[in-house]
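Here's a quick briefing to read alongside the model. Have a look at the fold first, then work through the points below.

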Amino acid sequence: MDDYILFSGTSHPAFAQEVADVLKTSLGKVDFHPFPDEEIYVQILENVRGRDIFVVQSIARKPNDYLIELLIMIDALKRASSQSITAVIPYFGYSRQDRKDRPRVAITAKLIANLLTQAGADRVLTMDLHAGQIQGFFDIPVDNLYARPILAEAVKGLKLSNPVVLAPDLGAIKKARAYANHLGVDFAVVDKRRLSTEKVEVSAIMGDVKGRDVVIVDDLCSTGGTLVTAANACIEAGAKRIFVACTHGLLVGQAIEKLNKSPIEKIFISNTVPLPEGHSLEKIIQVSVASCFGEAIRCIMSAESISSIFN
Ligand code: R5P
């Protein structure tokens, strides 16, 4: 018998199964049986008394439903006398609202931290938080994994000519620097202005992209506006070919069509969020990060350092 039990919510069971495969275990049984008015009902169908529990749930695609489902699962597990509960959140939704940058707005990242803790989570395991400081919104341990080692290795497989890594906005500079160090190349930055939740504009590129292959790196792609605007600006500035490495593919609405029509050649994206169905994924190469999560769970259970493995 394993010392722990891994459960999956309904947001991304394929990912949870991959993590279970990495750990050579099976997923715990849960009954999801919504009421006719769509109120969520969850019953854990395993004895969890005294056990360490990991619940895998991405807060993406239907973030409101999946968040509530995760909270309800944690509550059920807590009340069933589990020893510890780790919320494994491959994509931590609501993390973009991480500060009060306008009057009368919420800090949803903090609100979600409070809700998870209040429900009974003892630890959070996630990947590429929108801002690393969100860890400080919790008073429980947060392990924030990086997709960079895996995505950068995928990018290395390309035959790039005089490459440069590009941050598509000022918030991505730290990530771009880490990718540039990993690949042993320099980096450039786009000065992006967000006009609305769907529209962005570029006022300048800081750094040299002329005649070079550009690898744009970002934590997430939602409407695709940021990546496409940055790619167009690079082409105007004389860049040769454009590639993307991005952790979380929310890819909402017409994002994939927009990316397909853009000058971007290939988009390496992790599998923290399931790819949307019914689109032509000609440019998208999905790279699995399930092994990172599996290895991190193994480290948590054996009290080993996670950072020594992933940085
Ligand atoms: C912004 O700070 C994020 O890192 C992403 O660049 C942004 O959220 C992507 O959104 P979209 O694809 O809608 O431009």
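Let's start with charge: the protein chain carries 34 positive and 36 negative side chains, and the centres of the two sets sit 6 Å apart. For that tally, Lys and Arg count as positive and Asp and Glu as negative, while His and the chain ends are not counted. Each charge is placed at NZ of Lys, CZ of Arg, CG of Asp or CD of Glu.

Some ground rules before the rest. This is a predicted model, so local features need pLDDT of at least 70 and side-chain atom pairs count only at pLDDT 80 or more, while totals for chains, interfaces and linings use all residues. Residues are numbered from 1 along each chain as its sequence is written, and side-chain values use heavy atoms, with hydrogens and water left out.

**Overall build**

- The secondary structure of the protein chain comes to nine helices and 14 strands; these are DSSP runs numbered from the N terminus, with helices being H or I of at least four residues and strands E of at least two.
- A compact globule of 311 residues would have a radius of gyration near 19 Å, and the protein chain agrees with its 20 Å. The radius is taken over C-alpha atoms, and the globule rule is 2.2 Å times the number of residues to the power 0.38.
- Along its principal axes, the C-alpha trace spans about 60 × 40 × 35 Å.

**Surface and packing**

- Buried residues account for 50% of the 311 in the protein chain. Buried means under 20% relative accessible area, exposed means over 50%, and partly exposed is in between (1.4 Å probe, protein chains only).
- Take contacts (heavy atoms within 4.5 Å) between residues at least 6 apart in sequence: 63% of them join residues at least 24 apart.

**Domains**

- The protein chain is divided into domain 1 (4-146 + 290-310) and domain 2 (148-287), with bounds from an automatic or database domain assignment.
- The C-alpha centres of domain 1 and domain 2 lie 27 Å apart, and 18 residues of domain 1 are in contact with 18 residues of domain 2.

**Two residues with positive phi**

- Glu38 has phi near 80°, a positive value in a residue other than glycine. You'll find Glu38 in the loop between strand S2 (30-32) and strand S3 (42-44), and it counts as exposed because its relative accessibility is 66%.
- Leu251 has a positive phi too, near 45°. Leu251 is in the loop between strand S12 (242-249) and helix H7 (255-261), and counts as buried because its relative accessible area is 3%.

- Ala152 sits in helix H4 (residues 148-156) and is buried, with a relative accessible area of 0%. Leaving aside neighbours within four places in sequence, Ala152 is in contact with Tyr179, His182 and Leu183. Ala152 and Ala180 are 28 residues apart in sequence and 9.1 Å apart in space, C-alpha to C-alpha.
- Arg194 belongs to strand S9 (residues 186-194) and counts as partly exposed because its relative accessibility is 43%. Not counting residues up to four places away in sequence, Arg194 touches Lys199, Val200 and Thr226.
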